[in-house]
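Hi everyone, thanks for coming.

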Amino acid sequence: MPAQLLKGKPLADKIKEEVKKEVEELKAKGVSPSLVAVQVGENEASKVYTNAQRKNAELCGIKYELQELPESTTQEQLLKHIAGLNADPNVTGIILQMPVPQHIDAKVCQWSIAYEKDVEGVTPTNMGLVTFGKPRLVPCTALGAYELIKSTGVDLYGKEVVVVGHSDIVGKPAALLLLNSFGTTTICHIATGQRGLTESHVRRAEILVVAVGVPHLIKGDWIKEGAIVVDIGINPQPDGKILGDVETEVAMEKASWITPVPGGAGTATTAILMRNTIEAAKWQLEMKQS
């Protein structure tokens with residue numbers, strides 16, 4: 001039987017409805033959640049994301065502002081700008097849009113965001129909380145992948161879990177979330193592939209998450225019968241097609257659930273960003289009251 005499609009839209013819609021209610025509850029307490037996105041220089045791809053952020057924020061009742069800084073902005077100037085947002089009590093969420101110009105160290109600037117306003121979950125404090133099984137603000141795509149897996153009703157306890165890709169904002173946090181649910185978690189990366197071992201790991205995966213950015217890196221016939229497959233890869237092709245990191249059509253014949261590309265985990269990412277904005281506002285309220 002072909003795999004069932006694990007679509008991101010139902011999860012995104014559910015999250016946005018929950019966020020709307022929480023926004024009203026916060027406003028009743030005198031807290032107006034607001035999200036500020038900072039973009040340095042012009043970037044067409046980034047505009048797609050900021051437009052989606054604005055649309056979703058307005059839908060959920062969250063104030064949204066895109067602050068555009070010139071390409072010539074120095075790292076010191078950007079750090080000062082972020083420090084101002086950290087100190088502004090009217091700003092409850094901050095996101096630094098990627099990419100930044102080459103003369104700026106993205107990590108240094110991201111890590112300067114106050115952890116309680118870090119709606120992308122990329123600061124050492126928030127990553128550390130994920131590591132210790134006490135997540136508060138979690139990287140959005142990683143959390144989207146995790147929640148899609150949970151939505152199938154699978155019991156992760158003891159399951160063979162393989163995450164292909166070890167990026168700081170997707171692979172690593174996704175692996176930690178699955179590990180915290182007692183999945184037996186393996187991470188594959190470039191060195192795994194260079195040793196020719198990726199296929200053997202994938203073949204035993206009952207839960208497979210792939211986030212590399214290489215079209216059809218994972219062959220469909222590698223998929224274990226009945227596996228749940230979350231493909232986070234988005235790889236535009238010259239002919240206009242968008243391919244995932246997994247050979248979807250073949251994999252569908254073996255998997256029990258598989259995300260479509262596009263339309264999978266990425267679809268839930270912006271909704272989770274909105275939920276993180278609410279979580280950040282609640283965290284700041286708790287800090288004021290303590």
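Predicted model: local features only at pLDDT ≥ 70, side-chain atom pairs only at ≥ 80, totals over all residues.

As for the volume, the largest pocket comes to about 1400 Å³. Domain 1 (32-116) and domain 2 (139-267) each supply at least three residues to the lining. What about the classes of residue in the lining? There are 27 nonpolar residues, 16 polar ones and 5 charged ones.

Now please follow me to helix H11, which spans residues 265-289 and holds threonine 277. Is threonine 277 buried or exposed? Its relative accessible area is 0%, so threonine 277 counts as buried. A polar atom of the threonine 277 side chain sits 2.9 Å from the backbone oxygen of leucine 273. Leaving aside residues up to four places away in sequence, threonine 277 touches Ser34, Leu35, Ile62, Thr92 and Val119.

Next, a look at the backbone, starting with two prolines. The peptide bond running from methionine 98 to proline 99 is cis, and its omega is near 0°. You can find proline 99 in the loop between S4 and H4. Valine 261 and proline 262 are also joined by a cis peptide bond, with omega of about -5°. Proline 262 belongs to the loop between strand S11 (257-258) and H11.

Phenylalanine 182 is not a glycine, yet its phi is positive, at about 65°. Look for phenylalanine 182 in the loop that runs between H7 and strand S6 (184-188). Its relative accessibility is 55%, and therefore phenylalanine 182 counts as exposed.

Histidine 216, another residue other than glycine, has a positive phi near 55°. Where is histidine 216? It lies in the loop between strand S7 (207-210) and strand S8 (228-231). Because its relative accessibility is 25%, histidine 216 counts as partly exposed.

Note on methods. Residues numbered from 1 in each chain as written. Heavy atoms only, no water. Helix = DSSP H or I, 4+ residues; strand = E, 2+ residues; numbered from the N terminus. Buried < 20%, exposed > 50% of the residue type's maximum accessible area, 1.4 Å probe, protein only. Polar contact = N/O pair within 3.5 Å; in protein donor to acceptor, adjacent residues only side chain to side chain. Contact = heavy atoms within 4.5 Å. 1 Å grid on protein atoms, 1.4 Å probe; cavity = no way out; pocket = protein on both sides within 12 Å on 5 of 7 lines; lining within 4 Å. Points joined across faces, edges and corners; volume = space filled by probe spheres on them. Nonpolar A, V, L, I, M, F, W, Y, C, P; charged D, E, K, R; others polar. Domains from an automatic or database assignment.
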